[in-house]
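Please read the following report alongside the sequence and the coordinates, which are shown here.

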Amino acid sequence: MKAIVCTAYGDPSVLQLREVKMPVPTDHEVLIKVHAASVTSADCRIRAFCSPPLFWVPMRMVIGITRPRRAILGVELSGVIAQVGKKVTRLKEGDPVFAMTGMKFGAYGEYCCLPEKGLIAIKPDQASFEEATGMLFGGTSALHFLRKGKITKDQRVLIYGASGAVGTSAVQLAKHFGANVTGVCSEANQSLVAELGADDVMNYEKEDDTRIKERYDLVFDAVGKITKAHANKWVTPTGIYVTVNRGMAAERLEDAIFLRELFQAGALKPVIDRVYPFEKIQEAHAYVDKGHKKGNVVVRIRDK
């Protein structure tokens, strides 16, 4: 099969389209015929090996010393079950699914094997494969950190980085939970964030700390660009600050099912900025590296 192989840590040029051996599912795994995969900020950090100094050595030991040990990257995909292991009972051949691969990676290939007990759910009927691919990474991350921030109805919530993959999901989810939402993003993305339901939108390029005069019950840094000291200027005395820089989102099947139900009810819309063909994945990574994407960037691996 064809796959994108990460040949070393570095810029997008280290990603090469290669012929590799087809994976074979074990008794408890499924083989997914991948239709689309996303290019997340996590994928780009792993490719470039952007790790805080404190975690440099342990992360290299886990991921790989000179290059990723699992050379086919990608943590989010959608596709169709092509084969099931002998002991698989929850899924069957032909099921359209969307999934997170976790530290197994592997989404950047024409086929991918994942354990049946992993985060694999039936794709929403109305969602294209591209939309389904853009639903899980941002959605599960937003859910994790909003819950960590103990979001409740009628809270005042500030979402910094409201136009990214996590931020666009966070705005919609916070509104679903009944919060009053203020989104902070660039001027170019203000209308998008407002369309997603934000009650107020601020432009971080023009506003300084004095402009954010309100105090919030929850400040969620969805892009990892503000410090606790910075956020403390915006939270109430009993408010909570959470950031994607602190901890990894739990990958739970029930969250995927919850997101699917919200999509089917029209309460969640995956934002797709750009869709690239498989062979243009270097361009997709280069675009994400710039840090200005709106929602999700997706790579189409096959049309049918």
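The structure is a predicted model, and its protein chain has an average pLDDT of 91, with 91% of the residues scoring at least 70.

An open sheet is built from five strands in the order S10-S9-S8-S11-S12, and their pairing is parallel. Its edges are strand S10 (200-203) and strand S12 (235-243), each of which pairs on one side only. On average, neighbouring strands of this sheet are turned by 20° against each other, direction ignored. Within the sheet, strand S8 (residues 156-160) pairs with strand S9 (residues 180-185) in the parallel sense over five bridges, and valine 157 stands opposite valine 181 in S9.

Helix H5 (residues 165-176) packs on the sheet, where H5 touches S8, S9 and S11, and the direction of H5 makes about 170° with that of S8. Helix H4 (residues 136-148), for its part, lies across strand S11 (216-221) and S12, running at about 145° to S11.

How do the axes of H4 and H5 cross, and within what distance do they come? The two axes come within 8 Å and cross at roughly 55°, which makes H4 oblique to H5. The crossing of H4 and H5 is right-handed. On the H4 side the contact is made by Phe137, Gly138, Gly139, Ser141, Ala142, Leu143 and Leu146, while H5 contributes Ala165, Val166, Ser169, Ala170, Leu173 and Ala174. By class, this contact of H4 with H5 has nine nonpolar, four polar and no charged residues.

H4 also packs against helix H8 (residues 253-264), at an angle of about 110° and with the axes 10 Å apart. H4 and H8 are therefore roughly perpendicular to each other. Their contact is made by Leu136, Gly139, Thr140, Leu143 and Arg147 of H4 together with Asp255, Ala256, Phe258 and Leu259 of H8, and the residues divide into five nonpolar, two polar and two charged. Gly139 and Leu143 of H4 are listed in the contact with H5 and also in the contact with H8.

| Helix pair | Angle | Axis separation |
|---|---|---|
| H4 and H5 | roughly 55° | within 8 Å |
| H4 and H8 | about 110° | 10 Å |

Leaving aside neighbours within four places in sequence, lysine 87 is in contact with Asp27, His28 and Glu116. The C-alpha atoms of lysine 87 and valine 20, which lie 67 residues apart along the chain, are separated by 26 Å.

Terms used: Residues numbered from 1 in each chain as written. Predicted model: local features only at pLDDT ≥ 70, side-chain atom pairs only at ≥ 80, totals over all residues. Heavy atoms only, no water. Pairing = 2+ DSSP bridges. Helix = DSSP H or I, 4+ residues; strand = E, 2+ residues; numbered from the N terminus. Axes fitted to C-alpha atoms, helices over the stretch in contact; angles between N-to-C directions. Contact = heavy atoms within 4.5 Å. Parallel < 35°, antiparallel > 145°, perpendicular 65-115°, else oblique. Left-handed = near helix turned anticlockwise from the far one by under 90°. Nonpolar A, V, L, I, M, F, W, Y, C, P; charged D, E, K, R; others polar. pLDDT = per-residue confidence, 0-100.
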